[in-house]
Amino acid sequence: MSENEYRVESDTIGPVKIPKEALWGPQTERSRNNFPSGELMPLAIIRAFLHLKKAAAESNVEVGDEPEDKGQAIEDAVDYLLKLDDHELRKDFPLHVLQTGSGTQSNMNVNEVVANLANKLHPHLHILPNDDVNRGQSSNDTYPTAMNIVAVEALDKLEPAVQHLIDELIVKQNKYWKTVKVGRTHLQDATPITFGQEVSGYISALKHDLNYIQELKPTLFELAIGGTAVGTGLNAAPGMTEKIAGKLSQVYGHEFKVNTNKFWGLAHHSGIDVVHGALKTLAADMFKIAQDIRFLASGPRAGYHELNIPANEPGSSIMPGKVNPTQAEAVTMAAAKVFGNDTTITFACSQGNFEMNVYKTVMITAFLDSCDILTGTITGFADKMIAGLTVNAEKMDDLLESSLMTVTALSPHIGYHAAAKIAQTADKEGTTLKKAALDSGKLTEEEYDKWMDYMEMTNVSQTNPEK
């Protein structure tokens with residue numbers, strides 16, 4: 001940079017050249033140059049930090065630990081920044097996730113930007129990043145606080161997406177509750193089931209997943225703020241953190257609390273780890289559901305072709321007319337990413353050495369990535385695959401008629417071994433099950449027709465659909 005393009009500021013290490021128009025200060029600039037790789041710090045983290053800084057300024061004023069004019073200046077600066085769109089906000093928050101694992105440099109990035117903007121808005125004051133904006137705080141308690149806040153925010157967006165998919169599946173379940181098809185176990189033919197019953201299993205899985213998330217989510221309401229450097233609360237004014245929790249609860253609509261063990265809050269991130277475990281479970285179930293549907297829709301001539309899926313885009317650059325299960329593929333790839341993120345989070349959570357975990361930035365980024373891709377792919381799966389899904393009833397009937405495992409219905413009447421012999425004969429001789437059964441002499445045609453009631457085999461009248 002030429003001299004007219006930068007200004008010089010100093011931190012405790014020495015002078016730093018900073019782009020003249022940048023709102024950040026020397027610690028941000030050092031990080032910007034020292035850690036240039038990987039993805040940028042999620043703006044959700046930045047916005048959570050801004051709300052936290054505003055709540056801290058208000059609380060410090062209320063407990064008498066910060067002058068009212070300085071507190072108001074900090075609030076004004078934060079309010080200005082929170083009104084910016086993502087593109088505008090990003091200009092002054094350029095740091096990367098792969099920095100110090102405590103998130104110190106991003107905390108200081110926020111402190112410096114807020115302080116410099118407050119000084120622009122209130123030139124008669126002298127707002128300092130550490131002494132004023134960061135008053136009563138440490139990166140060691142502010143970053144984990146922001147982590148929990150953005151994790152809760154992300155879950156707030158994911159939960160309606162899961163419920164939306166459940167609702168779309170309920171429509172299909174009810175529509176096809178009495179549409180009988182071949183059941184399959186071990187990838188082999190099994191006894192009959194209705195497609196509605198099959199879908200009800202998907203619905204139940206997703207309802208359980210949603211319940212797991214909602215039951216575990218409150219552990220994220222426990223905030224580390226107030227622990228400051230090592231959990232002892234050094235330099236935090238009495239009553240400050242309780243007020244911060246109350247203000248953040250009003251902003252986010254959740255009952256955040258600070259009456260928790262701060263040594264745990266700084267050194268462990270058990271809440272992030274356990275809740276992401278529920279996200280991994282959701283991803284696993286989504287993989288299974290998407291996998292089932294894309295296999296059942298395979299074909300149309302050389303696969304199962306029991307289901308018809310929407311043609312959302314051309315499926316091939318060389319094969320005309322091809323339709324691919326792209327929404328299912330997106331879900332399964334998202335699941336693969338979530339599985340990887342879970343491994344990252346589990347390892348990162350284990351690295352709470354002594355008084356602090358120093359894998360915070362990668363941990364929360366992985367968590368947010370999982371929430372984001374699950375929210376997007378689940379919504380797309382619901383709207384662009386499940387909503388337009390129909391059954392190929394004729395193919396289902398054909399496969400059901402040719403299935404050998406319906407012979408199971410004869411077992412109570414003629415015995416397991418006799419029924420097995422009939423199925424084996426039909427398979428070996430390439431005949432229908434009915435012909436092999438009648439040829440066996442074990443039953444009459446009237447008995448066969450009575451006992452081989454596919455709908456009755458499903459017990460559909462005795463099972464209740466998921467509501």
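The model is predicted. One cavity of 30 Å³ or more turns up in a search of the whole structure. The largest pocket holds about 370 Å³ of space. Helix α7 contributes at least two residues to the lining of that pocket, and α7 also gives two or more residues to the lining of the largest cavity.

**The largest cavity**

- The volume of the largest cavity is about 100 Å³.
- Its lining consists of 14 residues.
- Asn148, Glu222, Trp264, His268 and His269 are the lining residues nearest the centre of the cavity.
- The biggest contribution comes from α11, with three residues.
- By class, the cavity lining has eight polar residues, five nonpolar residues and one charged residue.

**The largest pocket**

- About 370 Å³ of space lies in this pocket.
- The pocket is lined by 14 residues, and those closest to its centre are Ala44, Ala154, Lys157, Leu368 and Asp372.
- Helices α2 (43-62), α7 and α13 (360-386) each supply at least two lining residues.
- Helix α13 provides the largest share, six residues.
- Seven residues of the pocket lining are nonpolar, five are charged and two are polar.

**The annotated binding site**

- An unreviewed UniProt entry carries the annotation "binding site".
- In that record, the annotation covers Ser102, Gly103, Thr104, Ser138, Ser139, Asn140, Thr185, Ser317, Lys322, Val323 and Asn324.
- These positions span 223 residues of sequence, and they are spread in space too, with up to 57.3 Å between C-alpha atoms.

- Threonine 104 is part of helix α5 (residues 104-121).
- Threonine 104 counts as partly exposed because its relative accessibility is 26%, which falls between the 20% and 50% cut-offs.
- The side chains of threonine 104 and serine 102 are joined by a polar contact of 2.6 Å.
- Beyond its neighbours within four places in sequence, threonine 104 is in contact with Gln99 and Ser139.
- Serine 139 belongs to helix α7.
- Serine 139 has a relative accessible area of 7%, so it is buried.
- With residues up to four places away in sequence left out, serine 139 touches Ser102, Thr104, Asn107 and Pro144.

**Alanine 146**

- Alanine 146 is another residue of helix α7.
- Its relative accessible area is 1%, so alanine 146 is buried.
- Residues up to four places away in sequence aside, alanine 146 touches Ile45, Ala48 and Phe49.
- Alanine 146 and phenylalanine 49 are 97 residues apart along the chain, but 5.9 Å separates their C-alpha atoms.

**Histidine 122**

- Histidine 122 sits in the loop between α5 and α6 (129-133).
- Histidine 122 counts as buried because its relative accessibility, 18%, is under the 20% cut-off.
- Not counting residues up to four places away in sequence, histidine 122 touches Ala73 and Asp76.

**Alanine 335**

- Alanine 335 lies in helix α12 (residues 326-350).
- Alanine 335 is buried, with a relative accessible area of 1%.
- Apart from residues up to four places away in sequence, alanine 335 touches Ala283 and Phe287.
- Alanine 335 and methionine 457 are 122 residues apart along the chain, and their C-alpha atoms are separated by 35 Å.

**The annotated C-terminal domain**

- UniProt, in an unreviewed entry, places the feature "domain: Fumarase C C-terminal" at residues 407-459.
- The chain over residues 407-459 is 70% helix and 0% strand.
- The end C-alpha atoms of that stretch lie 16 Å apart.

Notes: Residues numbered from 1 in each chain as written. Predicted model: local features only at pLDDT ≥ 70, side-chain atom pairs only at ≥ 80, totals over all residues. Heavy atoms only, no water. 1 Å grid on protein atoms, 1.4 Å probe; cavity = no way out; pocket = protein on both sides within 12 Å on 5 of 7 lines; lining within 4 Å. Points joined across faces, edges and corners; volume = space filled by probe spheres on them. Helix = DSSP H or I, 4+ residues; strand = E, 2+ residues; numbered from the N terminus. Nonpolar A, V, L, I, M, F, W, Y, C, P; charged D, E, K, R; others polar. Buried < 20%, exposed > 50% of the residue type's maximum accessible area, 1.4 Å probe, protein only. Contact = heavy atoms within 4.5 Å. UniProt positions renumbered as here; feature names shortened; annotations may be inferred. Polar contact = N/O pair within 3.5 Å; in protein donor to acceptor, adjacent residues only side chain to side chain.
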